[in-house]
Amino acid sequence: MNIVLLGAPGAGKGTQAVLISKKYNLPHISTGQILRENIKANTELGKKAQPLVEKGELVPDELVVDMVKSRLSEDDCKNGFILDGFPRNSKQAEVLDNCLADLNISLNYALNFTCPPDLIVQRLSGRRVCKECGANYHIENMPPKAENICDLCNGQLYQRKDDTIETIKNRLQVYQDTALPLIDYYKQKGIVYDVAADKDPEQIDLVLGQLLKN
Ligand code: AMP
């Protein structure tokens, strides 16, 4: 099963990707996470990406495209994958199609997470992430058992630099500028499934469970 996740930042794609990944044993490929790892490791890619990521701007296509192509050609993607955060525009979607055609595979689902902007701001501004394993928490909706400590690995939690109100607004604007053509691109292929993402993660998980079974 080959899945791409569409929807604004903060719509809950990452949270659901983790659940789908466990349930169907598919690798969760988050381009944002790969970029953050590169920033942390101070690689050449990380150095180029850092100022853009921190401002909530998109990183140039040529930087992310090679990163995704190489990840998709790894062995664990042979039985499927969940792409979270890629593609972000129609150009990336075309590149992805070409890359998948070379690997002789096609996409099954473009899950489009829809969520009101107010809720997105509330979710992102309260989000905390584990420095070690990348697990997501929320100070009100999903707090860790011990303050600022990851339940899973005891890592320290932090607030992403792009989860501040100003940058969140920019990210939402960037999303609005690019989302519609991308969704249309996949609608023409008949693989878009809207997911109302303003519910609790468990409820969304149930809906997705039904959808992906069919
Ligand atoms: P995310 O974790 O998906 O919210 O992504 C965090 C940031 O990484 C974005 O705001 C962009 O700066 C960058 N990014 C992630 N995926 C892409 C992509 N497909 N194209 C360009 N930039 C990206």
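A residue is called buried when its relative accessible area is under 20%, exposed when it is over 50%, and partly exposed in between (1.4 Å probe, protein chains only). The model is predicted, so local features need pLDDT of at least 70 and side-chain atom pairs count only at pLDDT 80 or more, while totals for chains, interfaces and linings use all residues. Residues are numbered from 1 along each chain as its sequence is written, and side-chain values use heavy atoms, with hydrogens and water left out.

Two residues other than glycine have a positive phi. N104 has a phi of about 65° and is exposed, with a relative accessible area of 71%. This residue is found in the loop between α5 and β4 (109–114); helices (H or I, at least four residues) and strands (E, at least two) are DSSP runs, numbered from the N terminus. For N154, phi is near 65°, and the residue is exposed at 61% relative accessibility. N154 is found in the loop between β6 (136–138) and β7 (157–158). A cis peptide bond, with omega near 0°, runs from F86 to P87, and P87 lies in the loop between β3 (81–84) and α5 (90–102).

The structure holds 12 salt bridges, a salt bridge being a side-chain nitrogen of Lys or Arg within 4 Å of a carboxyl oxygen of Asp or Glu. In the pair E54 and K161, the closest N and O atoms are 3.6 Å apart. This pair links distant parts of the chain, 107 residues apart, with E54 in helix α3 (residues 44–55) and K161 in the loop between β7 and α7 (165–188). E54 is partly exposed at 28%, whereas K161 is exposed at 56%. K189 and D97 also form a salt bridge, at 3.1 Å from N to O. Here K189 is in the loop between α7 and β8 (192–196) and D97 is in helix α5, 92 residues apart. A further salt bridge joins D162 and R160 at 3.0 Å, N to O. D162 is buried at 6% relative accessibility, and R160 is buried at 9%.

The search of the whole structure finds 0 disulfides, where a disulfide is a pair of cysteine sulfur atoms within 2.5 Å. C99 is in no disulfide, and the nearest cysteine sulfur, that of C77, is 9.6 Å away. C99 is buried, with a relative accessible area of 8%. C153 is likewise in no disulfide, the nearest cysteine sulfur being that of C130 at 3.5 Å.
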